[in-house]
Amino acid sequence: MPGKLKAKIVAGRHLPVMDRASDLTDAFVEVKFGNTTFKTDVYPKSLNPQWNSEWFKFEVDDEDLQDEPLQITVLDHDTYSANDAIGKVYIDIDPLLCSEAASVISGWFPIYDTIHGIRGEINVLIKVELFNDLNRFRQSSCGVKFFCTTSIPRCYRAAMVHGFVEELVVNEDPEYQWIDRIRTPRASNEARQRLISLMSGELQRKIGLKVLEMGGNAVVGYLQCFDLEGESGLVVRAIGTACTLDKLTSGTPASNACNSPSKDGKESPLAHGCRSTHNSPVHSTCSSQRLSQNFSVSVPTLIFTGMGSGGSAGKEAGPLKTLLRQQTQTALEQREFPFFTLTSFPPGFLVHVGGVVSARSVKLLDRIHNPDEPETRDAWWEEIRQEIKSHAKALGCHAVVGYSESTSICEEVCILSASGTAAILNPRYIWGTLLARFEEQSPPSCGFCHIPYDELNMPFPAQLTYCYHCRRQKVPDVLFTTIDMPPEAAVTGKGCLIQARLCRLKKKAQGEVNATAISNLLPFMEYELHTQLMNKLKLRSMNALFGLHIQISVGENMLLGLASATGVYLTALPAPGGIQIAGKTPGDLNNEHHILTIQKRINDTIAKNKELYQINPPELTEELVGSPIPEPRQRSRLLRSHSESSDELSELDLSHGKKDAFVLEIDDTDAVEDIHSLLTDNSPPTGFYSCNTELMPGIYNWTSGVQMFTSVRVFRLIHANLTNQGLNKIFTDLCENLLKSFYFKLRSMIPCCLCHLNFTVAVPEEELIQVAVTAVAMTFDKDHSQEKSADKPTTKGCNETEEQLQFPLELCADSSSSNNQPSSKISGTASVDYGSFADRCSTWLELLRLKAHTIRRGSVKTSRRTQSLAHSGDHTHKYRTQFHNSVTVVKMTPLSFLPGTRIIKYLGIINMFFIRETTSLREEGGVSGFLHSFIAEVFAMVRAHVAALGGNAVVSYSMKECVLMENPNKNQAQCLINVSGDAVICVKETDQEPMPSTTNTGQTCSSGADGAT
Amino acid sequence: MAVELDVFVGNTTIMDEEVYQLWLDGYTVNDAVKVRMEGGVLEECEASADVLLSDTMDQYRTFHMCERLLHSPTKLANQLLFQIPPHRQAILIERYYAFDDAFVREVLGKKLSKGTKKDLDDISAKTSVTLKSCRRQFDNFKRVFKVVEELKGPLVENIRQHFLLSDKLARDYAAIVFFANNRFETGKRKLQYLTFQDFAFCAGQLINNWTVGAVDNLVDDMDVDLDKEFLQELKELKILITDKDLLDQHKSLVCTALRGKTKAFNEMEANFKNLSRGLVNIAAKLTNTKDVRDFFIDLVEKFIEPCRSDRWTAADMRLYLTHYTNSAHILDTFKHQVVWDRYMGVIKSCIFKMYHD
């Protein structure tokens, strides 16, 4: 019963003319929360009404406060007929429920209508008074902070990382209810928007409860998605990483805060390495592929493909069953998933990286019979997660980091996908033993590359060498991961975006036949995508991929696969071998000549790329390393000869059956096509770099120029009989052309890097391919970009570690006086206990069990945090007045920071869902015009909400969904967009001290709150 | 295969000034692409024609969406749809309201009505400004006219505040509004040699000296309408030409002052009475709206042309008019010094401006 929500409607401006006769509008406003509605007076004959209403007060449960949005509807009064709705504003009041976020929402909001888009603006003032709730069994989780950011947010310190939280809620989609037949599309779209807003609120509340149960106070890396399952309903699901975060106060040593990811205490550069595995489906097929066997070695992913059919009926396909059986035991031992949605970590968190693990499953959708018990969907995800867990185990890892889940739906078929990076984490960290110093020395910057699995019992064939950096541990020849590159990692040269693109035709089919067909295709697609990735990686002379994201999208008659990652040359890993071309019929002279030409082109490209990305690994190393393992020498010899005289190579290498260079066999036209496509990838024009991770490896001195953008392209395939090859070409061109367009448009920002390039593909209709991209272009200072040294990381890491480690101690000492941080004390003390345990706990499982105990103990203490809500915030007020000009400039970025600034406050999560429809498509400039204005409107609404919270930027922004449906014949179109991000206040970096080149991001959140005032 | 949809939206609205100008100039997308290709953007950025087309389309759409806001520039500053840095906003507005001298010369002094709008295709053909651009410029004139028509206070200031224009452009618009309101004839063949800037200068003079606002700045339309009382008083100046003594006296004073100072002295002396009659008659007739409209043509016919045929130099003109004006003060029977100054001050500067080839 604990809350009073107060809203005041101040004024409107730029309203549309609703009365043609007078060219004016008689506007009034309805304010609705839950089932209570208030109205303002009618403000007659004005396009800029000044209602200046009283405070409308809603007394509500905090459960409702979390679930419900505040609905504001602006109407035109009409004496004789029904009042016309001008538009609506939905305001998520969740940020007001958290002591550290915003205290008031106040500002101009665009009035939005699903048909007309933005129609003027309304000025609203909202406050919440929360009463303390002593009820331990409450259903609400007010005060749990949510972050989209996939690292520990700057200006917080992670006292403890609890682990994976997930939840999903389902409902019927209003669009498919019977009532839809009699009501207007506008009404059902509004119903949908309202419903989804409600469902996300509910979902967030439920996740919050789980977090409280675990003893945490925040969710980091919160990823919420919608599955529009059509007639079978609407699923809203979310995953995240529960943490206990402490706010860094002004006194804190700030120095490290914000490096890219992390901030927490200690980061010893532990490592992650990754390696890959691949499981049976691929394995069985790969021998028949053109690639020589070595290649399979490097397929870096554990692939699982299962097919389930019949939704709730839950008939599992054979392979899945067996897998499940195998896993039962583990599942019994441990119920929780050791998954982390974070992609970058506090120093010391990550010890080793095993490789990418992924699992996909094809399901047939079925009506959700009981929305309150979404068991089927839960079970589906459960299966997949189990799969992922077992893959990680096979890689000798106990955790999965950089974890994400996604779906692709076409009619009644749904592909569920999950992927992540198997890793070994530092167990103490998880326990929150911040007090315990590391006894061992921080591993050098290469630690994460070292293999986590047993050399003699490798989960997949891989080629190991001694680490080129420390020479003590083994490393794989190639490393694939889904996470960001750890800041301490030593790289040679610069990185670049690497994409593998693939189309596969499939027959149209229904039901199970269709699902089977799809699930049969999946392994081949994964395999091909990996082959492409690997080839492209070699072609660029790189040896590791970060931020790998593979999307497989299903349409009626084709499957699309798009893998994006950022390639780099990790100094610790061996130099990649070249690519060899081999003809199938060595006798044929013509053919041989042809092969030589191709070989030459490949070699030239490799040489060119080396120069382009400044990859000049120190030559000396090879000699030094040489002795322990014979292979590396061989390899290096091969390599050398390779670059010197390419002509002899193919012969030579073949005879060696070489272990490291790839052999591409040209045995049919397909292969030729593939090689061509390999070579047709354009490198970015001079002055541009691109990557899909937070930061570009090799660039460290960002300047403040930032341009976030979203671009969408839809391609119609006209030729009736397209082959796979033809489709691939089209798809590749589509992606390449998009990139070219970006380079062109952003040419004024040179030198500049496109960061976090996030491609999303879809097959909205039979002959359409849709690609949506969100990214940010950031300028950097060319002069200094070169000077990054390979050795800095280690020392830097250590320093930070020490500073950070001391911090918790201080906190504990005076926690009684520091009213802001009761929770930190808790975690602090708790961690001491665990620290001592931790030594004895040898396994992850034991640790987990221990942790479960803590959770129970911890939960009592969470109530203290609630008390501190009272101190909420005049802080924000001050900021607000500062930033409140006519229109606040709100920067947006998909990254977790803005260069040249530091974040001093997180104001809450932005999670918005909009639908736009039109019945006058042509008049609005066709689909392009329609979507263009819609995207601009979405940006505007996001900015307005952030500004109203007192913020001036959105970080970790992403567009999760962009579903466009058109019917040009009827002159109609409809589009759904879902976006999210973290609203923040950031201030100009005042620190004059240039960040050490290592900490790539250059932001500190150090001195916390006082920076702005 | 075909691109069905292609959009690019930046959080900060991306606008290329070159493309904006092409859009303002009324180029179609395809023509704009051609122009850009010839301009060499492609080579400089390793792009292809497709890229250019896509970029041009995006920008055209953006401009099209912005256009509504540009119609009331103050909205541009507090709208939420596009995030445009203030200096860019200023450029957008300034360029949008900029006009072609060739075009404005054609409509200057015409009624900004539907009728005129229908003639725009002729004007477009004549000036080789695209029809689209003509429409934009015409609509701008009309919009500014409508808004300031109902406002109190100084014209230039009102325009500047409501349309956020630079001082220079605001003055030009004030001239356009002033001409449109008073319907000054500017299209006659004899006036063709005058540029818009000549007229704009004259308009500034008239606004500053002859309107109601020149004496009282709290009246409606103060800068748009000429001061009726003043026009009435101008009739009194007739005495300078109707009174024979006064006319002779005036002439001798002027001639005394000019003698020996110019080669055109003889012509000046010979033409004095004609010229003086011309100027004073113009003053006396200004109470008729019809004659107000012919103000410039009269100036040219009655004064400038005769002088030009006598080969006066600009310096001659300056000399003559200065003495002509000043000498009237010495005429003891001439009582209308104030009105005379107010009248001649403007006439002098207008003629100086208009006396060229």
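## Ser711(A) and its contact with chain B

In this predicted model, the side chain of Ser711(A) comes to 2.8 Å from the backbone oxygen of Val7(B). Ser711(A) belongs to strand β28 of chain A, which covers residues 702-716, and with a relative accessibility of 2% Ser711(A) is classed as buried, because that value falls under the 20% limit.

Once residues up to four places away in sequence are set aside, the residues that Ser711(A) touches come from both chains: Leu738(A), Phe742(A), Val771(A), Ala772(A) and Val773(A) on one side, and Val7(B) and Phe8(B) on the other.

Counted over all chains, the model holds 48 salt bridges.

Within chain A, Lys6(A) and Glu129(A) form a salt bridge whose closest N and O atoms are 3.6 Å apart. This pair joins strand β1 (residues 3-13), where Lys6(A) is found, to strand β8 (residues 117-130), which holds Glu129(A), across 123 residues of sequence. Lys6(A) is buried, its relative accessible area being 15%, whereas Glu129(A), at 34%, is partly exposed.

Within chain B, the salt bridge between Glu17(B) and Arg88(B) has its closest N and O atoms 3.8 Å apart. Because Glu17(B) sits in helix α1 (residues 17-24) and Arg88(B) in helix α6 (residues 86-97), the pair ties together parts of chain B that are 71 residues apart in sequence. Glu17(B) is partly exposed, with 33% relative accessibility, and Arg88(B) is also partly exposed, with a relative accessible area of 24%.

## A pair within one helix

Arg171(B) and Asp167(B) form a salt bridge with the closest N and O atoms 3.0 Å apart. These two residues lie in helix α12 of chain B (residues 167-182), and because they are four residues apart there, about one helical turn separates them. Arg171(B) has a relative accessible area of 43% and is partly exposed, while Asp167(B), at 32% relative accessibility, likewise counts as partly exposed.

Methods:
Residues numbered from 1 in each chain as written. Chains lettered and ligands numbered in written order. Predicted model: local features only at pLDDT ≥ 70, side-chain atom pairs only at ≥ 80, totals over all residues. Heavy atoms only, no water. Salt bridge = Lys/Arg side-chain N within 4 Å of Asp/Glu carboxyl O. Buried < 20%, exposed > 50% of the residue type's maximum accessible area, 1.4 Å probe, protein only. Polar contact = N/O pair within 3.5 Å; in protein donor to acceptor, adjacent residues only side chain to side chain. Contact = heavy atoms within 4.5 Å.
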